[in-house]
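Biologist: Could you take me through this model one feature at a time, giving the general idea and then the case at hand?

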Amino acid sequence: MARRSGGRQARHAQRSAPLAEELKPVRPGERGGQYRPFADADLDAVVANIYRILEEVGFKDATPHCIAACQAVGAVLGEDGRLRMPRAVVDDALSKARRNMTLFAQDPAFDLDLSGTRVHFSTAGAAVMVADSVRNEYRESTSRDLYDLARIVDNCENIHMFQRMCVLRDIEDPYEMDLNTTYCSVAGTRKHVGASWGHYTHLEKTLEMLHVIAGSEAKWRERPFVSQSNCFVVPPMKFASDALECLRVAVEGGMPVLLLSAGQAGATTPACLAGAVSQAWAECLGGLVYVNAIKPGAPAIIGTWPFVSDLRTGSMSGGSPEQGLISSACAQLGAHFDLPFGTACGMTDANMPDFQAGAERAHTLMPPALAGANIIYESAGMYSSLLGVCPESLLLDNDVLGATLRAVRGVEVNTNTLGFDDLAEVCLGEKGHYLGSDHTLAVMQSEYIYPEVGNRFSPTLWEQAEKPLAIDSAVRRRDDILATHIPSHISAAVDAEIRAKFPIRLHLEDLLQTG
């Protein structure tokens, strides 16, 4: 028994040791594309439907700049005021669109390669409340909450970028809210950040702040570490004027854009999934035409985020099984068009971290990841159909995302993984098992992934450890991060310059005193 216990302790120590990057069981950008919800003929029919929507239906409420730019590349403004885009116009934009793009981070170690079907996970959302699992209650979200969420994500290996998760309810002025949303995010994490703005003038001022952080406008344009999440369209097929102006400023300012269509099946898109996918892609390709009319090859991510309705009530159901299916269908089209692509999955309709939350997150995340979505947004921390965000859930979800990436990576077949020599040694020799073989020890961390906050205790060990629950481990880890992780990638001098020039409302005296 002592020998077995010692072996177990040795294996535990080996699992606990930091892994070299090349030995990790999962890494950012594992290649998906194994799952294809559309048969080839069905995919062709959906693509034809997308082109038909753009050419025959078109968009309502284009801004003068959008009309002029799109007409210059061949779009047609009808007598009914709708801007239509013939197939040749769309194909021209597709030929000019940026592919194989990189999303830069403040720390180059976190740069994301969006080529092909490489898969990454991101947060996102506009929650107005924070779910406190310890007190089992909700409260309004604040600027400190957003900063703390970014700090937690900075420590989550399987959450690869940070997009704004909550609304700053402690700031009323719209400009200050937009500016501080970006500040709290970029100050809290070294990873790429996504944000949004309500008015183009807010973005112009924010770009000035980002130039200070980067060191100059030229350095910002060389490595833009913030992207714009832009709901430029109000489904069905109607442009949003303020968002179009924000889109224009972002493209001209060198900021990557997420062209976001967020219709709701049965409400603002057709109820059948194929129709919802068609409309979402038509809307995003219309945005791509505009982006490339402004600046050919400007970095843009197709963001088809069709959500699902519970047709019994009309309310959104982010945790429905159809959410994963509709998002994976959109991802297959992303691979078809070979465009940088993002969708939204992993949110739950549950109110707190519980079985429902974990099940909904897992079964919605897996399909688009296997289908090769470049970025799956809203993949962690979001509750109550996006109304709430739970900080400690980020740590639970980090385990789910790691497991999902392991499925994406798949089973590798080569002489070493087939393991014939190891099998022969065990079966023809005196070992009788593989537990202590050199081959097993060599691959125990590269072939298998282990949970960070979940446990695999036997009932006896679980009782001896005082019956821990995963949520309790996540809360302890959350508290440890927030007490000790004080980001310093923005220097004190740069931060002082920002605070002298811009109305920053986040105060960190308590952290600085602790640090």
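Modeller: Helices (H or I, at least four residues) and strands (E, at least two) are runs assigned by DSSP and numbered from the N terminus. This is a predicted model, in which local features need pLDDT of at least 70 and side-chain atom pairs count only at pLDDT 80 or more, while totals for chains, interfaces and linings use all residues. Residues are numbered from 1 along each chain as its sequence is written, and side-chain values use heavy atoms, with hydrogens and water left out.

Biologist: What does tyrosine 383 touch, leaving aside residues up to four places away in sequence?

Modeller: With contact taken as heavy atoms within 4.5 Å, the residues that tyrosine 383 touches beyond four places in sequence include Tyr138, Met352, Pro353, Arg361 and Cys390.

Biologist: Which residues does a cis peptide bond join?

Modeller: The cis bond joins proline 235 and proline 236, with omega about 5°, and proline 236 is found in the loop between strand S12 (233-234) and strand S13 (238-239), where methionine 237 also lies.

Biologist: Turning to the rings, how many aromatic pairs does a search of the whole structure find?

Modeller: Rings of Phe, Tyr and Trp (its six-membered ring) pair if their centres lie within 6.5 Å, and planes under 30 degrees apart count as stacked, over 60 as edge-to-face and the rest as tilted. The search of the whole structure finds 6 aromatic pairs. In one of them, tryptophan 220 and phenylalanine 225 have ring centres 5.4 Å apart and planes at 85°, so the pair is edge-to-face. Tryptophan 220, at 0% relative accessibility, counts as buried, and so does phenylalanine 225, at 5%. Phenylalanine 232 and phenylalanine 239, by contrast, form a tilted pair, 6.3 Å centre to centre with 40° between the planes; both of these residues are buried, and Phe59, Phe232 and Phe239 form one aromatic cluster.

Biologist: How many of the residues of H10 are buried, and how far apart are its end C-alpha atoms?

Modeller: The expected span of a helix is 1.5 Å times one less than its number of residues. On that basis the 22 residues of H10 should span 32 Å, which agrees with the 32 Å between its end C-alpha atoms. Because 18 of its 22 residues are buried, H10 is largely enclosed by the rest of the structure.

Biologist: Which residues line the largest cavity?

Modeller: On a 1 Å grid over the protein atoms alone, a cavity is a set of points where a 1.4 Å probe fits but cannot get out, and a pocket is an open set with protein on both sides within 12 Å along at least five of seven lines; lining residues have an atom within 4 Å of a point. Grid points are joined across faces, edges and corners, and a volume is the space filled by probe spheres set on the points. The structure holds 1 cavity of 30 Å³ or more, and about 50 Å³ of space lies in the largest cavity. Its lining consists of Val73, Val89, Asp92, Ala93, Lys96, Val289, Asn292 and Ala293. Helix H4 (87-96) and helix H10 (273-294) each supply at least two of the lining residues, with the largest share, 4 residues, coming from H4.

Biologist: What volume has the second largest pocket, and which residues lie nearest its centre?

Modeller: The second largest pocket has a volume of about 440 Å³ and is lined by 25 residues, of which Arg164, Ser229, Cys231, Leu260 and Trp305 lie nearest its centre. Strand S11 (226-230) and helix H9 (241-252) each supply at least two residues of that lining, and S11 gives the most, with 3 residues.

Methods. Buried < 20%, exposed > 50% of the residue type's maximum accessible area, 1.4 Å probe, protein only.
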